[in-house]
Amino acid sequence: MGGAGWLRVAAAAGCAAVTCTLATTMVVRRVTAWRRWLRAMAVLRDVEESFATPTERLQRVVNSLAIEMFAGLASEDASKVRMLLTCVDSLLDGSEEGIYYAIDIGGTSFRFLKVELGAGSTIINQKIEHQPIKKELMEGTSEDFFSFIASTLKSFIEREGGEGRALGFTFSFPMRQFSITSGSLIRWTKEFSIEEAVGKDVAQCLNEALERNGLNLRVNALMNNTVGTLALGHYYDEDTIAAVIIGAGTNACYIERNEAITKCQGLLTNSGQTVVNVEWGSFRPPQIPLTPYDICFYNETPNYYDQGFEKMISGVYLGEIARRVFHKMAQESDVFGTNVDGLSIPFILSTPCLAAIREDDSLDLKEVGRILEEHLKIHNIPLKTRKLVQRVCDIITQRAARLVAAGIVAVLQKLGRDGTLCGTTRVRSITGVPKRSVIAIEGGLYQGYSVFREYLDEAILEILGEEIAATVVLKVVEEGSGMGAALIAAAYSSTRKNSI
């Protein structure tokens, strides 16, 4: 073989070696990428298992919460749920007329309302104004906080005109009430941390601010948001027995017989019934494991060590739980690429974004990709990763909705409306004439997230069975927490009151 031949052989051998090297490199890369994908899938499987809420487990959550409710009515500090007496035992009787104002402090905004009642206490006109709560107010002083509320109310009244006969005040944080017009703050929840306000009478704080601003109005009905929602629900449907908030936070209240309450007898009247604020956000269901992704495991937020039930359910936290799962996946794999700094920022992913991801039904999950790019700054995500992201959001949503369902059934069980004898039997059936149980519901998480509603309804049916579930009506109440406050203010400004 001549020199040219040997050169051709050498070149061919060299090309073969390079080809083999490139092929080997590609195989190694594919194997490495596959292993990283498997690690991401391992995180997903762990989330699926730890967030699971089979029906039998939900029933045990129901029984646990019902037991805590019984204990909370027996004595103070005997239960994980506070079962606070609201001092609300009367609603409209049809004699109330005139203009009434209300202030509603929720998780993310103030709401100022003007409600005009005509003959028969019919709502003939209403005006609602929203005002975002700035972070500096959440962390400032109580004087600044209540002064801002009073000055904004003054501006609202000046714009709307019409002197109000009474003021309802919805304060959506745990408080111990001494009367319908007074109550001390027990602790802040959600993202509020005005520590020097704890223990103060919040109605008095607002009254002092109103006086400083030259307003003649004073608080004549203090309540939390669930009570306002119950009042408006009862206004439209007298079969309303409870109210549930599923929004930035979550809580429930219901109408209880006075004879079932053994604590705080001095606060009870001869009306026979009282609205009880469950404060179920502080419930910690022992049957549901806390995961490394749940907020209670970390101290990055105020009140991080409590409100376990709320932090598995409410709108403030669901997006953050998803963000923590994605961050773990990014640490274990490269499914999100290399530019994943956005996943390290707490609360960068909101719950409305989580809902939009879950409800994206396009073939290419275009909305999922948009949210990842715009909110997390993660670009060029393949479809299989988008599907993974959507699945995580689905798991988190499902657990939250099913836990709310368990909470609702626990309230029904406490009232003897779940078809069992206080949960002592698995057989659910109706005895006697079926009672219609209407639950008034308010909150953006329930009202604006259809998948959440579907999972909640499905779980109630699973727990109660078809016969009992058919007697339970979940009815959305718009602006209930504020409108209800105005209605209760009207009832308590009247010379005669109608017992619940």
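Modeller: Gladly, with the caution that this is a predicted model. Helices α4 and α5 are oblique to each other, since their axes make an angle of about 55° where the two pack.

Biologist: How far apart are the axes of α4 and α5?

Modeller: The axes lie 8 Å apart, with α4 covering residues 142-160 and α5 covering residues 202-212. As for handedness, the crossing of α4 over α5 is right-handed.

Biologist: And which residues of α4 and α5 meet?

Modeller: On the α4 side they are E143, F146, S147, I149, A150 and L153, and on the α5 side V202, C205, L206, A209, L210 and R212.

Biologist: Moving on to α6, is it mostly buried or exposed?

Modeller: Helix α6 is largely enclosed by the rest of the structure, because 10 of its 12 residues are buried. The buried ones run from N225, T226, V227, G228 and T229 to L230, A231, L232, G233 and H234.

Biologist: What span does α6 have, against the expected one?

Modeller: From the first C-alpha to the last, α6 (residues 225-236) reaches 17 Å, which is close to the 16 Å expected at 1.5 Å a residue.

Biologist: What does L365 touch, leaving out residues up to four places away in sequence?

Modeller: With those left out, L365 touches D360, L383, R386, K387 and Q390. Of these, K387 is 22 residues from L365 along the chain, and the C-alpha atoms of the two are separated by 7.6 Å.

Biologist: Zooming out, what does the whole protein look like in terms of helices, strands and burial?

Modeller: The protein has 14 helices and 15 strands, and 55% of its 500 residues count as buried. Taking contacts with a separation of 6 or more, 72% of them join residues 24 or more positions apart.

Key:
Residues numbered from 1 in each chain as written. Predicted model: local features only at pLDDT ≥ 70, side-chain atom pairs only at ≥ 80, totals over all residues. Heavy atoms only, no water. Helix = DSSP H or I, 4+ residues; strand = E, 2+ residues; numbered from the N terminus. Expected span 1.5 Å × (residues − 1). Buried < 20%, exposed > 50% of the residue type's maximum accessible area, 1.4 Å probe, protein only. Axes fitted to C-alpha atoms, helices over the stretch in contact; angles between N-to-C directions. Parallel < 35°, antiparallel > 145°, perpendicular 65-115°, else oblique. Left-handed = near helix turned anticlockwise from the far one by under 90°. Contact = heavy atoms within 4.5 Å.
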